[in-house]
Structures are given as C-alpha cells and as structure tokens.
Amino acid sequence: MTISYSDRFLKLLWRWKGSLWKAIWKNLLLFLLLYYIINVIYRFVLTREQQESFIKYVTLFNEWTREIPLTFLLGFYVAMVVRRWWEQCQLISWPDSLLFNVSALIRGNDPETRIIRRTIARYSMLSSVLAWRSISLRVLARYPTENHLVLSGLMTKDELAMFQKIQVTIDPHQRWFVPLNWIQTMMVRCFEKGTLSHTNELRVLLDSLEKYRQGFFQMFIYDWITIPLVYTQVASISVYGYFAFALIGRQFPALNQHQHVVDLYVPVFTILQFLFYVGWLKVGEDLMFPFGADDEDIEFNYILDRNLEIAYLIVDELHNQVPPVYVESLEEKVKLLHTRGSNSMQNNPPKQHLRNHHFPAGDLEIHIEKPPVGTSKRLSTRDSQRKDPSSSQKLMKREVSSFSDLHQLALGPLKNGPNNAT
C-alpha cells in the first residue's frame, strides 16, 4: 500500500504510481489500435455499397452491447473482491498485544528473564517471516532460504538444525508454527518454575499467543481458497466481450436517435466506458491477490521492520519503565491548548438531535387516572359486607335466575327479591 491520499484530489487524478492509467494503458492502447484499423478500412478501403452494408452491422453490434448486464456482473464481482481484500488486511498479525502481555507478566531485569522476553519477541518475528514468505512475494525475495534467517539473526545455527529435523511430508513449507510452539513451551516453563505466579497469567499469555497464531492460519485459508474461477471468467468475458462488440458497434458515421448523421473521429464516450469498466475489472484483478509486489499490494517488508523494532522496545527497553510521580502533581491542572492553526480550523462537536426539544408546561404534570363510574359504590358495598357478614351470607343464599339478578347482587342487596329486577 504505497499510495498516499495526502495530496489534493485533482492532483491524485493524474498520479501514475498505482493509478488507473498505469493499470489499463496497455489495454486502452490495444483497443484504440484495433478501433482505428477498422475505421481506416471502413473509410478508405470499402466501396460505397460496402460502407452502407457495414453501417447496418454497426447498428446491430451497438444494439448487442446493450444486452450485456455489465454493470450488474462487474459491480457484484468487484464488491466481493474488495470485501475479501479488506478481510485479509485485518488478518495481518501484529505482535504488540502478545508482547505487552509478556512484558507485564514475565517480570524481572535479571539476565535470564530478559533473555526469555527477548527470545519470545524474536520467535514471534521468526514465525511471521516463515508464514508470510509462503504467501508474499516481497518476503520470499527477502528471505528465500533458511540460511538468510540465520544471517539476519532471526534464527541461530542450533535452532536451524532443530528446525530442519522437523519433517512435514504434505507441505514442507508449512513449518511456520514451530517458533510459536517454542514460545508456548517457554511460557509453560516460566509457570513451572514460578516466574508466572498463577494459572490465570499463563492463560492470558496462551490466549494472546493463540490469537497471534490464528491470524497466520486464517491468511493461509484466504490464500488457499480463492474466489471461484468461474466467477472471474464471467466478469472478464463480459467486459472484454462488450468492448469486442464495441469495436464495430461504435464506428462512425452512424445515426443518432433523431436520425441525424453523426461522424466522430474520436469515440469519446466509448473511451470513457473503457476507463470505467476495464478499470473496474482491473481493481478486482489487483485486489484478488494483495500479497505480490505491485503498487497496491501489502507492504510486508515495512511491517516486518516495524514489528521488529517495536517488539524489542516492548519487552526490553520499555519493560518496567515509568516516569516518576510526585505529590505536587495532584495540584497541577491539565489544560488542553490550541495552536493558532488548530484554533482557526472549524470544530463541529457532536450535538444530540433532541437538545432543543421542549415539552409544553401542561405535558409536564403528573397524570392521575380517575376511577371508573360505579367503582365507589361497589367499594362501599364490599365494605358493608365485611362489617356485616350475615348480610353477605343472606345475599349468597338468594336465588339467581338471570344476568339482571347477578347485576343487582353485584351492586347491592335486593329490596324486593330477584323477580323485580329489570
């Protein structure tokens, strides 16, 4: 990823490195060459009758170009490739989290403890080189053999001899996990001899190591299982087939929608379509394999250099380092300042969308529900029944012959019996 967007937008449009022009200039040159060969034959070689017959084919081929669903096919294909490319970028293993935990839990400035921490950092870098050189052309060119690892200091001669004794018959290059196994063994031994005081500390280190290893493993899965070839062929054939028909269908002179003769020597709109569609296809082709040595590929060499420097800083130079803290710092107030350049920039702090919403004064009063009509009368009847249990028993003994009688019993004692109910 060597292309920066720090320049102005219009200036970026004319950059060559990693640009659209660099990706498609050969294809565009070939297309225009074939186009003008056909155009010269039409204008200076064919007779009048042959030109009139050729115009019929121009109209037919132009209609055929409209039958190809190019936007749908190409858009869906490139969207899938870009999503896959971003997922691969997120799988790059960074040793920072692992080594921060190592520095926090394997403590001590004695030579033995320092050697353990530095060796874990070196093994983490060794595993990344062994893994990435199997998928990245940049890393493979930098470390083509194991002897180059010894020369760079990532591996000692004794470690190389032990490494070469490990036999992997299915894929000899898939031994990148061996240094991670060495790290795991060192962590367990630190726990056994008491450098790690609790099993939870060992669990934290092993979980960080597993997360670091999982990034390499998932990246191998992406490198192994690619987008089906059929899908790539469909997208490529549709694009190049479209412009194969356009070589004939976009020849001029031709008739527009108003039946006017239009004679253009430069197919401006066709060139724009070529930039859009072929450039779109080139995006998918370049991002399909982001581990090469092109301008758009991942800079694994920079990542290795950065990780090596940060690794030794974390486990050695920054280990157990903290500035002194004084009691006077309790009275020191921190004030965030602005430079003139920062203050001149427009600041737009976030604002909640309901900050200016106000309710009417009447809506702020507490709502009290009024009891339904007849509730107070029923409550008084129940109270009288509680005071005089004999009356309630008499009511229950009365004969009930209709729903009206039930209603009267609910409201209160009947004066003339159930036969007078309405």
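Contact is taken here to mean heavy atoms within 4.5 Å. The structure is a predicted model, in which local features need pLDDT of at least 70 and side-chain atom pairs count only at pLDDT 80 or more, while totals for chains, interfaces and linings use all residues. Residues are numbered from 1 along each chain as its sequence is written, and side-chain values use heavy atoms, with hydrogens and water left out.

By this criterion S103 touches R117, I314, V315 and H319, when residues up to four places away in sequence are not counted. S103 is found in helix α5 (residues 96–105); helices (H or I, at least four residues) and strands (E, at least two) are DSSP runs, numbered from the N terminus. With a relative accessibility of 10%, S103 counts as buried, where buried means under 20% relative accessible area, exposed over 50% and partly exposed in between (1.4 Å probe, protein chains only). A polar atom of the S103 side chain lies 3.3 Å from the backbone oxygen of I314.

The secondary structure of the chain comprises 18 helices and 2 strands. Of its 422 residues, 34% count as buried. Among contacts between residues at least 6 apart in sequence, 71% join residues at least 24 apart. F220 and A131 are 89 residues apart along the chain, with their C-alpha atoms separated by 8.4 Å. For L308 and P95, the separation is 213 residues in sequence and 9.2 Å in space, C-alpha to C-alpha. L308 is placed in helix α14 (residues 300–317) and is partly exposed, with a relative accessible area of 35%.

A nonpolar core is defined as a set of buried Ala, Val, Leu, Ile, Met, Phe, Trp, Tyr and Cys residues joined through side-chain atoms within 4.5 Å. The largest such core has 80 residues, of which W132, M187 and F243 touch the most other members. Helix α6 (residues 111–132) contributes the largest share of this core, 10 residues. A second, separate core has 5 residues, among them Y42, V58, F61 and I248. Leaving aside neighbours within four places in sequence, W132 is in contact with I92, S93, V139, F216, M219, F300, I303, L304 and N307.

W132 also takes part in a cluster of ring pairs, together with W176, F177, Y212, F216, F220, F289, F291 and F300. Rings of Phe, Tyr and Trp (its six-membered ring) pair if their centres lie within 6.5 Å; planes under 30 degrees apart count as stacked, over 60 as edge-to-face and the rest as tilted. The structure holds 24 aromatic pairs. Apart from neighbours within four places in sequence, F220 is in contact with A131, S134, I135, Q174 and W176.

Salt bridges (a side-chain nitrogen of Lys or Arg within 4 Å of a carboxyl oxygen of Asp or Glu) number 13 in the structure. In the bridge between E159 and R122, the closest N and O atoms are 2.9 Å apart. This pair links distant parts of the chain, as E159 belongs to helix α9 (residues 157–165) and R122 to helix α6, 37 residues apart.

R175 lies in the loop between α9 and α10 (178–192) and E146 in helix α8 (residues 146–152), so the pair ties together parts that are 29 residues apart in sequence. R175 and E146 are both buried.

R213 forms a salt bridge with E210, with 2.9 Å between the closest N and O atoms. The two residues are 3 residues apart in helix α11 (residues 199–224) and are therefore separated by about one helical turn. R213 counts as partly exposed, at 25% relative accessibility, as does E210, at 37%. R213 also lies over the face of F217, at 5.8 Å from the ring centre; a charge sits over a ring if NZ of Lys or CZ of Arg is within 6 Å of the ring centre and within 35 degrees of the ring normal. Elsewhere, R114, R118 and D316 are linked in a network of salt bridges.

Note on methods:
A polar contact is a pair of N or O atoms within 3.5 Å; within protein, one must be able to donate a hydrogen and the other to accept it, and residues adjacent in sequence count only if both atoms are side-chain atoms.
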